[in-house]
Amino acid sequence: MNTSDTQNANRAREYDAADPLARFRTYFHIPAGTIYLDGNSLGAMPLAVTGRLAKTANHEWAEGLIRSWNSASWIQLPLLVGDRIAPLIGVARGEVAVGDSTSVNLFKCLAAAVHLRPDRRVILLEQDNFPTDNYMAEGLAALVGNLEIRVFDSTKPIEPHLASGDVAVVMLSHVHYRTARVQDMSAVTTAIHAAGAPVIWDLSHSVGAVKVELAQSDADFAVGCTYKYLNGGPGAPAFVWVAPRLAADTKQPLSGWMGHKDPFAFTPLYEPGPAVKRFVCGTPQVLSLTALDECLKLWSEVDLDQLFEKSRRLTSFFVELVESECQGHGLVLQSPRNVAERGSHVSFGLEQIGYPVMRALIDRGVIGDFRTPNTIRFGFTPLYVGFSDVERAVQLLRQVLEERLWDLDAYKIRAAVT
Ligand SMILES: *Cc1c(COP(=O)(O)O)cnc(C)c1O
């Protein structure tokens, strides 16, 4: 340890001692020796979930059997779990449904949005959005036939791309998965509305990490993952929200029986349920929804403003330390430098050696991830990451770079999931 290491470690300890959210770490299982900086991809496991899953399996499923659809409220889970998410995205209870994946919910929203503007045929997308978002739009366009996909650079103003007057819907990430750049939801929504189109916000990297105010921004549709900052578990079902002013006019094509207004009437023809219920498709994923329900309980104790503030301070501390301690190794900040424009993860570009560096770090207990072609990405979940984790992670990153610990053949072979 040199003097600056000691100073950084002291600062980190001070920040941790003053952290009003520090106690939340005890709600999670963090493996020994691990600094977990990938909660933006898969959140850590809340300890309470194992007991709840055991209860659901042994009591509700094994003993209750089919009666549990009523007695354990399984049938209500999509909307009950949605009620726990509503305050995190700035909407009212009863407006959010949970089920299926983010990809599938994007498809429902895209189709519903296009249906609202039958006179227009253009789907406007950001060119480097998370791939599934744009793939789903491609799939819809191929199915519907006469839709046109246009892409634009979302780091630049959107207005010129709306001026043609033929845009039926715009789909955007609120926080970008690679750079963590945050869109001004309210201003962008206003611009899109001025051009007569609805907007779909993907909140996958926002919810539980940055302030989201869908209602106040007058947004139209939103979807998002629950296995990232919400810690709902691998493959946890996604959420979908539609503005109440639009809900009654929306039609989504995955018109499964659970979105019907009365599934157990078994009528021959589909009649959509009220509001967001019509975005539910098939039978709810009870085990995953139960796990998610348990994971979301702790959010009622979280002061969200404290959480957002801690997120900004963690990412700022990380950027500062990486830039001061790892100079000369080719790391280039890919996230906005201005903290007000940044979500809760930080990406650095690192040519050629990004992947093996991340593998070497993971072997030393610092878990982040890699996004092709050259991004190493670190997520800072305020509920369980502390400032000393940040300080220690940067020391290990420096060591990996200085001592070329990444230079092993085994680290250069890409795994299926990076
Ligand atoms: C993580 C993420 C997804 C994942 O979609 P799945 O259907 O859950 O695989 C989609 N979009 C964005 C923007 C994401 O960050």
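My entries on this structure follow.

**Entry: before I start**

I remind myself that this is a predicted model.

**Entry: aromatic pairs**

How many aromatic pairs does the structure hold? I get 15 aromatic pairs. I looked at Phe24 and Tyr27 to begin with: their ring centres are 5.2 Å apart, with 45° between the planes, and the pair is tilted. I then checked how covered these residues are. Phe24 has 2% relative accessibility, so I write it down as buried. Tyr27 comes out at 25%, so it goes down as partly exposed.

Next I turned to Tyr355 and Phe370. Here the ring centres are 5.3 Å apart and the planes meet at 75°, so I call this pair edge-to-face. The cut-off I need for that is an angle over 60 degrees. Where do the two residues lie? Tyr355 is in helix H12, residues 354-363, and Phe370 is in strand S14, residues 369-371. The two are 15 residues apart in sequence, so the pair ties together separate parts of the chain. Buried or exposed, I asked myself about Tyr355 and Phe370? Both are buried.

I also noted one aromatic cluster, made up of Phe318, Phe348, Phe378 and Phe380.

**Entry: charges over rings**

Phe24 turned up again here. The charged end of Arg23 sits over the ring of Phe24, and I note 4.4 Å to the ring centre. I found another such case with Lys228: its charged end sits over the ring of Phe130, 5.3 Å from the centre.

**Entry: Val210**

I picked Val210 and asked where it is found. Val210 is in the loop between strand S8 (199-202) and strand S9 (221-224). Its relative accessibility is 11%, so I count Val210 as buried. What does Val210 touch, leaving out residues up to four places away in sequence? My list reads His174, Val175, Phe308, Arg342 and Gly343. I also checked Val210 against Gln352, which is 142 residues away along the chain: their C-alpha atoms are separated by 32 Å.

**Entry: the largest pocket**

The largest pocket holds about 380 Å³. I find 20 residues in its lining, and those nearest the centre are Ser41, Asp369, Arg371, Val417 and Thr418. By kind, I sort the pocket lining into nine nonpolar, five polar and six charged residues.

**Entry: cavities**

How many cavities of 30 Å³ or more does the structure hold? I note three. The largest cavity has a volume of about 70 Å³. It is lined by 15 residues, and Val98, Gly99, Asp100, Val280 and Cys281 are the closest to its centre. Strand S4 (96-98) and helix H5 (102-116) each supply at least two residues of that lining. I sort the lining of the largest cavity into eight nonpolar, five polar and two charged residues.

**Entry: looking back**

Definitions and conventions. Residues are numbered from 1 along each chain as its sequence is written. This is a predicted model: local features need pLDDT of at least 70, side-chain atom pairs count only at pLDDT 80 or more; totals for chains, interfaces and linings use all residues. Side-chain values use heavy atoms; hydrogens and water are left out. Rings of Phe, Tyr and Trp (its six-membered ring) pair if their centres lie within 6.5 Å; planes under 30 degrees apart count as stacked, over 60 as edge-to-face and the rest as tilted. Buried means under 20% relative accessible area, exposed over 50%, partly exposed in between (1.4 Å probe, protein chains only). Helices (H or I, at least four residues) and strands (E, at least two) are DSSP runs, numbered from the N terminus. A charge sits over a ring if NZ of Lys or CZ of Arg is within 6 Å of the ring centre and within 35 degrees of the ring normal. Contact means heavy atoms within 4.5 Å. On a 1 Å grid over the protein atoms alone, a cavity is a set of points where a 1.4 Å probe fits but cannot get out, and a pocket is an open set with protein on both sides within 12 Å along at least five of seven lines; lining residues have an atom within 4 Å of a point. Grid points are joined across faces, edges and corners, and a volume is the space filled by probe spheres set on the points. Ala, Val, Leu, Ile, Met, Phe, Trp, Tyr, Cys and Pro count as nonpolar, Asp, Glu, Lys and Arg as charged, and the others, Gly among them, as polar.
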